Structure formats: structure tokens, C-alpha cells
Amino acid sequence: MIPPSFAYHAPRSIGEALSLLTELGDDAKLLAGGHSLLPMMKLRFAQPGVLIDINRIPELRGIREEGGKIRIGAMTTESELIASPLLQEHLPLLAEAARMIADPQVRNRGTIGGDIAHGDPGNDHPAIAMALDASFVLQGPAGERQVPAVDFFHGTYMTALAENEILTAILVTPFASGTGYAYQKLKRKTGDWATAGAAVVMRMAGGVVTQVSIGLTNVAPTALRARDAEKALIGQPVNDASLAAVVQAVRAVCDPAEDLRGDVEYKTAMAGEMAKRAILAAAARCR
Amino acid sequence: MIKKIVSMTLNGRKVEEAVEPRTLLVHFLREKMSLTGAHIGCETSHCGACTVDIDGQSVKSCTHLAVQCDGSEIKTVEGLANAGVLHAVQEGFYKEHGLQCGFCTPGMLMRAYRFLQDNPDPTEEEVRVGMSGNLCRCTGYQNIVKAVLHAARVLQQDKVAA
């Protein structure tokens, strides 16, 4: 319950935060919503000497259209994702899936950027971002770079984000009209992390799948993009045969950790089941 | 560690205090401000017994630093009653027997207080989802749902009357 001592800074701009990061080095951690970092500090899993609070930086907030994309500031809270009319209209998967993350109080503080930057395979946004083909804007002392979600997650709690960089925004292409989507999350109770989860974005024409992307949650050291499962579905109708192929391909890519949520066999089977349900739900929404 | 001066509005009263950065808001409220209504039921941010209202949102004060509250407006359960008259959520929990040991109650009340402003006419299911960040050992939640729905009716009537 009692976190170790640390120094606290609350910069007002990205530039100021970057200078602090450069100056203070690896003893410093960025404090966003604080609903992963503070819990780890309270259990002394993490003991940074300095926290740089990025809650008072207006540039990191807000959801807007920009150059044909939707730009979501990294400090946008889960509650703001749910309430956003822009997301409800153009990226309903995000608004809907955010309701399955944690609980109302946590969603008032936890941010999409923090959920992604944490790099926890149990978090929901990584697989959702993969299914959305999102890219992440990372700003460092030398400027800005963009990393696709599929290349961002390197391992458990490890990402492409360098120590002197800040994840500033998430960029996503709005759904074409008629796009089907779903996030299926198996969990022990409301507010828990997924035993297994699957995010699907899909388009159909003439009764067959023309485009599909599938992201998997908490069934490997990182979120996964299930490429082989996607290939098994492209050009096919959604039926028992194509779903069986998808389930087989999803299972093949799983590498879950055994814990209180279940063993390897159970989680692998549930990943296949969640993918199947997500595809059926997405297909029902395709126009 | 160097202390920081924070000033906040707490239940309508301006307070200014020097705090260590690592001081959790719930400890600041309980130990420094003697507002011991907010409780601590876990160390993993699950139970919601520490829920307070910060700048118009329900927040678990065990997972927020006091130093982050500079300039914030905070309401705790002690600030709910108005000149001795119970708030509708307090009255609802009392009338519908929505508490037994009372340990989760301050957090439940603060959550219900905000939830009913965000959703003034909720269904039973919306109440259960809306209150899902708050655990209770005693009631089985049934009477808490009735209490929140009772408060919703009272608040709606008050609005019509006004």
C-alpha cells in the first residue's frame, strides 16, 4: 500500500516533459492515469526516483479528425473514449470495447496511451489497436516518429517506446461505412483482465469476407495479430468450415502463461472461441 | 523527500497543505484532514471504499496522489449532507437498508452521488454496471440497487418540484 519516496514534477508542455525525461534519465517514469504505475509502486514492484506527471499537458488530450485519420491524444481517458461522438460514429469498436475495461472509477483516470505504453498482455487496447491497424506517435528529443501497433509490442511490459520518448497520440483510420467489428472478452468478473480476448474488424461483399483483421488479448507474452487466421477467412463466407479454420489458426499462434485464470490448454481454447464469437458478431454488423 | 504545497477545495472549504509527493489522497484525507469516512479495503485499486469526487468524477483516492490535487475540487461523504439534511443517496441507502457494517458505504454513496448526475434515470442493470467499481461484503448489492433507484426517484421529483 505504501509507495516508496520519489520526487514529483508536473510539466505543462510536451517539450518540458521531454527535457525532464532527458535530464532525469532512467530513474524517472511518466505518470499518466496512474492506474497501473501507482498499483505497482504501492507493491514496490516499481521504485522510480522521479515521477513526471503528464496530466497537465493539454496537447496530449482530445480526439479529432486530422488528415483523414482520427487522432486520439494519449491522455484521453477510457471514459472519454466511451463518451466521444466522433468515435461512436467512426470507430465504434473503441467506444464499445472501452466499456469492458476495468470499472467506472478506473476509466475516469486510466488513459488509452497508458494502457498501450504499459505493454501488459492483459490490457485490452494493444490487441484492439492491432485490429484497427492503428499507429502510435512517439515524440523524443530528435522529433516525432510513427510506429504501427503491430510493431510496437516487443515483450511483456516491453515496447518500442524509448526511455526518452513520450507516446503522444494514437492514429486510426475511420471505418468505411458497413465495416463490421467486435471485441469479445472472456473474464471472471467485471473489471478483471481477460482470460482471453479477440478484437475483429471486418468487411464483407457478396457474402464473402473481403478484409479482416484479428487481434488477440492475453494469450501470449504480447498482444498478437492473428495473420494466418485472417488469411483463412479472406474470400470465404462466414460458415462452420471457415470458422473452424480460423479457430485452428488462432490456437496455433497462442502462447499463454498459466496462472489463476487458467492453464495453457484452457486459454488457448478460449482464444479460439473468442475469435469465433467476435467474427460472428462482426459479420452480423457488416453491411 | 521535498514536500510540495497543494491547495484544493475540500467539501467547499479552501485548504492548503504541504504534502510528500508519495502521499496517497486517501491518507491525506483521513490522516491530515481527519475526514475518516473514506475507507481503505484493498491495495490493488479494486474495492472502491476510498471513492471520492474529484473535479466532477468518481476517483479511487487510493490510486491518486494528494500532490496531483493542486487546484482540484474534492467532495467526500462528509460533504454530502446539506446543513444537516441528508442527500437523496444517503436517504436512499437508509430507507432501503443499503448498508450493514457501513465500511463500503461512504465509497458507495460518493459513487452513487456522481453516477446519478451522469445518468439521472438509470435501469437496474445500469445501476449495477455503474456501481461495479465498488465492492460490498454485507448486502449482496440487492438493497444497494434499490437505494440508488430510490435516490434517483427522489432527485427526479426534486427537479420537477424546483
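**Entry 1: getting my bearings**

Domain bounds here come from an automatic or database domain assignment. I kept that in mind as I opened this predicted model. I began with chain A, which is split into domain 1 (7-53), domain 2 (62-172) and domain 3 (180-285). I then looked up how far apart domain 1 of chain A and domain 3 of chain A are, and their C-alpha centres lie 35 Å apart. Chain B came next, and I found domain 1 (4-77) and domain 2 (88-161) there.

**Entry 2: the two domains of chain B**

I looked up the spacing here too: the C-alpha centres of domain 1 of chain B and domain 2 of chain B are 22 Å apart. For the contact between these domains, I noted 19 residues of domain 1 of chain B and 13 residues of domain 2 of chain B. The area buried between domain 1 of chain B and domain 2 of chain B comes to about 1,200 Å², and carbon and sulfur atoms give 59% of that. Which residues of domain 1 of chain B lose the most area to domain 2 of chain B? I found His39(B), Thr51(B) and Val77(B), which together make up 34% of what that side buries.

Next I looked for charged pairs. Between domain 1 of chain B and domain 2 of chain B the count is one salt bridge. In my notes I have Asp53(B) and Arg114(B) forming a salt bridge, with the closest N and O atoms 2.9 Å apart.

**Entry 3: a helix in chain B**

**Entry 4: where chain B meets chain A**

I moved on to the contact of the two chains, which takes 32 residues from chain B and 29 residues from chain A. About 2,600 Å² is buried between chain B and chain A, with 58% given by carbon and sulfur atoms. How many salt bridges are found across the interface of chain B and chain A? I found one salt bridge. I also noted that Asp103(A) forms a salt bridge with Lys60(B), where the closest N and O atoms are 2.6 Å apart. The count of residue pairs in polar contact between chain B and chain A is 14, both residues at pLDDT 80 or more.

On the side of chain B that touches chain A, the elements giving two or more residues are helix 1 (25-32), strand 4 and helix 4 (124-130) of chain B. Strand 4 of chain B gives the most, with four residues. I sorted the residues of that side into twelve nonpolar, 13 polar and seven charged.

Side chains of opposite charge can pair when their charged atoms come close. Searching the whole structure gave me 19 salt bridges over all chains.

- Glu66(A) and Arg71(A) meet through their side chains in a salt bridge at 3.9 Å, N to O. I found Glu66(A) partly exposed at 37% relative accessible area, whereas Arg71(A) is buried at 12%.
- Glu96(A) and Arg285(A) meet in a salt bridge at 2.6 Å, N to O. Glu96(A) sits in helix 5 (residues 92-97) of chain A and Arg285(A) in helix 12 (residues 264-285) of chain A, so this pair ties together parts that are 189 residues apart in sequence. Glu96(A) is partly exposed at 25%, and Arg285(A) is partly exposed at 29%.
- Glu273(A) and Arg277(A) form a salt bridge, the closest N and O atoms being 2.9 Å apart. They are four residues apart in helix 12 of chain A, so about one helical turn separates them.

I ended on a network of salt bridges, which links Arg188(A), Asp192(A), Asp259(A), Arg261(A) and Lys267(A).

Notes: Residues numbered from 1 in each chain as written. Chains lettered and ligands numbered in written order. Predicted model: local features only at pLDDT ≥ 70, side-chain atom pairs only at ≥ 80, totals over all residues. Heavy atoms only, no water. Contact = heavy atoms within 4.5 Å. Buried area = accessible area lost by both parts, 1.4 Å probe. Salt bridge = Lys/Arg side-chain N within 4 Å of Asp/Glu carboxyl O. Polar contact = N/O pair within 3.5 Å; in protein donor to acceptor, adjacent residues only side chain to side chain. Nonpolar A, V, L, I, M, F, W, Y, C, P; charged D, E, K, R; others polar. Buried < 20%, exposed > 50% of the residue type's maximum accessible area, 1.4 Å probe, protein only.
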